[in-house]
Amino acid sequence: MFVPIRASNGSSPQVTEFILMGFPGIHSWQHWLSLPLALLYLSALLANAMILLIIWQKTVLHHPMFYFLAVLALVDMGLSTTIMPRILAMLWFNARTISLQECFFQIYAIHVFVGLESGIFLCMAIDRYVAICHPLRYPSVITEGFVLKATLFMVFRNVLLAIPLPILATKRHYCSKNEIGHCLCSNLAVTSLACDDWKINSIFQLSVAWVLMGSDVGLIIFSYTLILRAVLKLHSAEAASKALSTCSSHIILILFFYTAIVVMSITHSANKEVPLIPVLLNVLHNVIPPALNPIVYALRTQEIKVGILKLIRLAGER
């Protein structure tokens, strides 16, 4: 991302900027999408900011699970902000041009935040596993120190592993085509415009996806398998229901997050027939989860629900 673009060779000129084409097939009326997208983005920012404020204010929420939720709120705000201002500028002001450096940075930021979201889901799954399967050890294992170390590990993991993506993108030679058939800079959409071989970019992205997402999903499934086995051994139906209810919000968010990734990957393979679908999914995957996560937790967590109602009431009084 900070590596200078390789100088052009021969007589082929080097592209100095890309042009975002927007949503394919609906260019004439795509500006109408700006309203729902802007509302989703605003909802994501406000809802996650509210979650952070409630967790900070209410001492009853000063526990590891809610600390992870606060980190997730920050990641969600970063993820949606990575793409939405640029998309809204394109839809409202026809600001289609984007410099190579800004485009490569967007590639990097998207991968970092998506990887962070996956990593925080894994941390939350570990938290629930210890809480349900080893409740007596929970206070000594899942501490504030554990939250800090796990969060820092996920940050360093994703920040470092994502660095080669923009660096490899800068190594490509962009000599003719500069129109991105998207409304954002996705790695493969950008590198496919290169005049030289970009297979290594595709291979590395798939490798990173399998290492990060694959390991996270595998460990999450393993954690919840152990949780389910422990719950089924409980003799009390009420205790089992209470144990599962503490995981319900987390499971809903995990299913939506990874299902969207799978669907997006499948539709990308058919983008010659239906190019609009993967582009829409790519955008919505970066804005719907950030807007949805706080709502799910607000509906499923009594303390957060009470805190939100209190904030709304105070705002109404003013």
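A disulfide is a pair of cysteine sulfur atoms within 2.5 Å. The structure, a predicted model, holds two disulfides, one of which joins cysteine 103 to cysteine 185. The model is predicted, and local features need pLDDT of at least 70, side-chain atom pairs count only at pLDDT 80 or more, and totals for chains, interfaces and linings use all residues. Residues are numbered from 1 along each chain as its sequence is written, and side-chain values use heavy atoms, with hydrogens and water left out.

**Confidence**

- The protein has a mean pLDDT (the predictor's confidence in each residue, from 0 to 100) of 86, and 92% of its residues reach 70 or more.
- Residues 1-11 have a pLDDT below 50, yet this stretch has 24 contacts (heavy atoms within 4.5 Å) in the model beyond near neighbours in sequence.

- The S to S distance between cysteine 103 and cysteine 185 is 1.9 Å.
- The link of cysteine 103 and cysteine 185 is left-handed, with -115° about the S-S bond.
- Distant parts of the chain are linked by this pair, 82 residues apart: cysteine 103 belongs to helix 3, and cysteine 185 to the loop between strand 3 (179-180) and helix 7 (187-191). Helices (H or I, at least four residues) and strands (E, at least two) are DSSP runs, numbered from the N terminus.

**Helix 3 and helix 5**

- Helix 3 (residues 100-133) and helix 5 (residues 144-162) have axes that come within 9 Å and cross at roughly 150°. Axes are lines fitted to C-alpha atoms, for helices over the stretch in contact, and angles run from 0 to 180 degrees between N-to-C directions.
- Helix 3 is therefore roughly antiparallel to helix 5; angles under 35 degrees count as roughly parallel, over 145 as roughly antiparallel, 65 to 115 as roughly perpendicular and the rest as oblique.
- The crossing of helix 3 past helix 5 is right-handed. A crossing is left-handed if the near helix is turned anticlockwise from the far one by less than a right angle, and right-handed if clockwise.
- Residues making the contact include Tyr108, His111 and Leu116 of helix 3 and Phe146, Met154 and Arg157 of helix 5.
- By class, this contact of helix 3 with helix 5 has twelve nonpolar, four polar and one charged residues. Ala, Val, Leu, Ile, Met, Phe, Trp, Tyr, Cys and Pro count as nonpolar, Asp, Glu, Lys and Arg as charged, and the others, Gly among them, as polar.

**Helix 5 and helix 6**

- Helix 5 packs with helix 6 (residues 164-171) at an angle of about 10°, their axes 5 Å apart; the two helices are therefore roughly parallel to each other.
- Leu160, Leu161 and Ala162 of helix 5 meet Pro164, Leu165 and Pro166 of helix 6, a contact with six nonpolar, no polar and no charged residues.

**Helix 2 and helix 10**

- The axes of helix 2 (residues 64-93) and helix 10 (residues 276-300) come within 9 Å, crossing at roughly 145°, and helix 2 passes helix 10 in a left-handed crossing.
- Among the residues in this contact are Asp76 and Ile83 of helix 2 and Pro289 and Tyr297 of helix 10.
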